[in-house]
Amino acid sequence: MRIGELAQITGASPRALRNYEREGLIASERMANGYRVYDERAAVRVRNILHLLAAGLTLADVHCFSPCLDGDMTTAAPSREGLRIARARLAVIEERIAAQTAVRDRLARALESVPVTPV
């Protein structure tokens with residue numbers, strides 16, 4: 001299937017698909033006219049990539065799951081390495097949330113001391 005078809009059945013944009021290919025997460029063959037052609041397994045891989053990205057992982061994280069991308073990741077038990085990666089990513093996300101919460105609180109306190117002027 002061509003890139004547009006793969007994009008349509010997976011919900012990924014053609015740009016994202018080209019990026020996944022550059023990253024080595026999916027592969028294609030080239031037709032004589034230069035068009036990319038993907039086999040049917042690419043759709044499963046792309047759906048799994050999207051599943052992992054939607055869970056908060058990065059493309060760098062997804063690389064660690066490469067051996068599992070051809071199966072049903074939504075029902076398979078996670079590996080120890082997969083859990084380690086997910087927990088590490090969760091810790092990063094929680095640190096970012098804490099930092100943003102602190103910034104929000106400082107801004108809110110600063111705004112409390114500003115007199116309200118009528119518009």
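This is a predicted model: local features need pLDDT of at least 70, side-chain atom pairs count only at pLDDT 80 or more; totals for chains, interfaces and linings use all residues.
**Helices α1 and α2.** Select residues 3–10, which form α1, and residues 14–22, which form α2. Their axes come within 9 Å and cross at roughly 105°, so the two helices are roughly perpendicular to each other. Now show the side chains at the contact: I3, L6 and A7 on α1, with P14, L17 and R18 on α2. Of these contact residues, 5 are nonpolar, 1 is charged and none is polar.

**Helix α3.** Next select residues 41–54. This helix has 14 residues and spans 20 Å from first C-alpha to last, close to the 20 Å expected at 1.5 Å a residue. Colour A42, A43, R45, V46, N48, I49 and L52, which are buried. What do the buried residues of α3 pack against? Their partners are α1, α2 and α4. Then step just past the end of α3 to G56, where phi is positive, at about 105°.

**D61 in helix α4.** Move on to residues 59–63, the helix α4, and pick out D61 within α4. Is D61 buried or exposed? Its relative accessibility is 10%, and buried means under 20%, so D61 counts as buried. Follow the D61 side chain to the backbone nitrogen of T58, which it reaches at 3.0 Å. To finish, display I85 and R89: D61 is in contact with both, once its neighbours within four places in sequence are left aside.

Conventions
Residues are numbered from 1 along each chain as its sequence is written. Side-chain values use heavy atoms; hydrogens and water are left out. Axes are lines fitted to C-alpha atoms, for helices over the stretch in contact, and angles run from 0 to 180 degrees between N-to-C directions. Helices (H or I, at least four residues) and strands (E, at least two) are DSSP runs, numbered from the N terminus. Angles under 35 degrees count as roughly parallel, over 145 as roughly antiparallel, 65 to 115 as roughly perpendicular and the rest as oblique. Contact means heavy atoms within 4.5 Å. Ala, Val, Leu, Ile, Met, Phe, Trp, Tyr, Cys and Pro count as nonpolar, Asp, Glu, Lys and Arg as charged, and the others, Gly among them, as polar. Buried means under 20% relative accessible area, exposed over 50%, partly exposed in between (1.4 Å probe, protein chains only). A polar contact is a pair of N or O atoms within 3.5 Å; within protein, one must be able to donate a hydrogen and the other to accept it, and residues adjacent in sequence count only if both atoms are side-chain atoms. The expected span of a helix is 1.5 Å times one less than its number of residues.
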